[in-house]
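Visitor: I would like to learn how the parts of this protein get their labels. Can you take me through it?

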Amino acid sequence: MLEPDQIYQANAFDLFPRIEDGSIDLIVCDGPYGVTINEWDRIDDIQEFNLELIRIFSKKLREGGGLYLFGKPDCIDFIDYRPFLNLKSKIVWYQPSRLAQGRFKYTNNYDIICYFIKGEKPKTFDLDAIRVPQLVELDHRLRCERVPSVVSGKYGKTKFNGNGKNPGDVWGDIKQLTYRSKELVNRDALNTIQKPERLIERLVKASSAKGDLVLDPFAGVGTCPVVCKRLDRRFIAIERDEKFVEEGGRRLQEVENDLAGRLF
Ligand SMILES: C[S@@+](CC[C@H](N)C(=O)[O-])C[C@H]1O[C@@H](n2cnc3c(N)ncnc32)[C@H](O)[C@@H]1O
């Protein structure tokens with residue numbers, strides 16, 4: 001079985017059998033989207049590819065564990081994932097800075113992050129850890145709270161909370177990295193590879209607790225392992241590209257040095 005807290009250089013499919021069934025609390029799956037010319041992104045049928053992942057992940061997750069599956073808007077169209085996992089939300093990660101070059105239709109400027117859980121109820125959904133600022137004034141919100149669905153509590157709606165609100169399912173507050181971003185590891189990692197730490201942090205904080213085991217099967221330059229390390233989660237990370245694995249290792253070492261420095 002795989003030891004946690006390492007980035008394994010391998011084809012993820014070769015290592016899945018070495019992950020114990022029912023042992024994973026959360027999976028952050030930012031793998032191929034099937035849309036670019038990158039060698040690693042060439043997938044014949046992205047929906048069937050994602051269905052196969054969902055089938056495998058449903059075995060690896062413990063009851064109530066979560067999966068965040070990244071992709072383009074059609075990434076789970078026309079496949080039946082329902083025998084395996086329960087789709088709770090389709091989060092739109094809106095990127096207004098994306099080049100809008102289409103001439104004959106509306107250019108896509110968002111990614112989808114499909115949030116699934118195993119079973120009916122999430123093991124962890126720490127809303128307090130991911131609240132975002134309230135945008136409407138209290139008076140307005142209080143008027144909305146007098147509608148019957150909130151008063152009865154039947155639909156699990158929340159009341160006004162001065163610490164902030166649920167981020168909802170359209171996320172425009174976290175920007176994709178640019179060449180000027182301090183966390184960008186190198187120019188080649190922009191756009192198709194490296195995700196902002198804040199984005200991954202929101203997923204990890206919401207859907208796992210300290211000490212939980214997080215699987216990142218397509219780790220790229222190690223954003224999820226870095227976030228896990230900082231937030232005190234264990235992780236199993238897999239990445240096929242040797243250079244990315246090295247880059248991830250370097251980033252992890254920086255976090256370790258940083259954490260060690262804080263102890264003194
Ligand atoms: C979108 S990137 C992940 C980026 C990552 N979230 C980050 O912030 O650095 C997808 C990664 O999956 C890797 N990959 C694709 N197919 C793979 C496979 N079968 N096994 C392991 N890694 C794979 C690619 O090399 C690429 O680095």
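Visitor: In what order do the 8 strands of the open sheet lie?
Guide: This is a predicted model. In it, the order is β1-β8-β7-β2-β3-β5-β4-β6, and the pairing is mixed.

Visitor: What makes β1 and β6 edge strands?
Guide: Strands pair if at least two bridges are found between them. β1 (6-9) and β6 (170-171) each pair on one side only. That puts them at the edges.

Visitor: How do you know that β7 and β8 pair?
Guide: The cut-off is at least two bridges. β7 (residues 213-216) and β8 (residues 234-239) have 4 bridges, in the parallel sense. So they count as paired. As an example, Leu-215 has Ile-236 of β8 as its bridge partner.

Visitor: Which strands does α6 touch?
Guide: α6 packs on the sheet and touches β1, β2, β7 and β8. Its direction makes about 170° with that of β8. Angles over 145 degrees count as roughly antiparallel.

Visitor: Why is α5 called oblique to α6?
Guide: Helix α5 (residues 197-207) and helix α6 (residues 223-230) pack at about 60°, with axes 9 Å apart. Roughly parallel needs under 35 degrees, and roughly perpendicular starts at 65. The angle of about 60° falls between those limits, so α5 is oblique to α6. Their crossing is right-handed.

Visitor: Which residues of α5 make the contact?
Guide: Glu-197, Ile-200, Glu-201 and Val-204 do, against α6 residues including Thr-223 and Val-227. The contact residues divide into 6 nonpolar, 1 polar and 2 charged.

Terms used. Residues numbered from 1 in each chain as written. Predicted model: local features only at pLDDT ≥ 70, side-chain atom pairs only at ≥ 80, totals over all residues. Axes fitted to C-alpha atoms, helices over the stretch in contact; angles between N-to-C directions. Helix = DSSP H or I, 4+ residues; strand = E, 2+ residues; numbered from the N terminus. Parallel < 35°, antiparallel > 145°, perpendicular 65-115°, else oblique. Left-handed = near helix turned anticlockwise from the far one by under 90°. Contact = placed C-beta atoms within 7 Å. Nonpolar A, V, L, I, M, F, W, Y, C, P; charged D, E, K, R; others polar.
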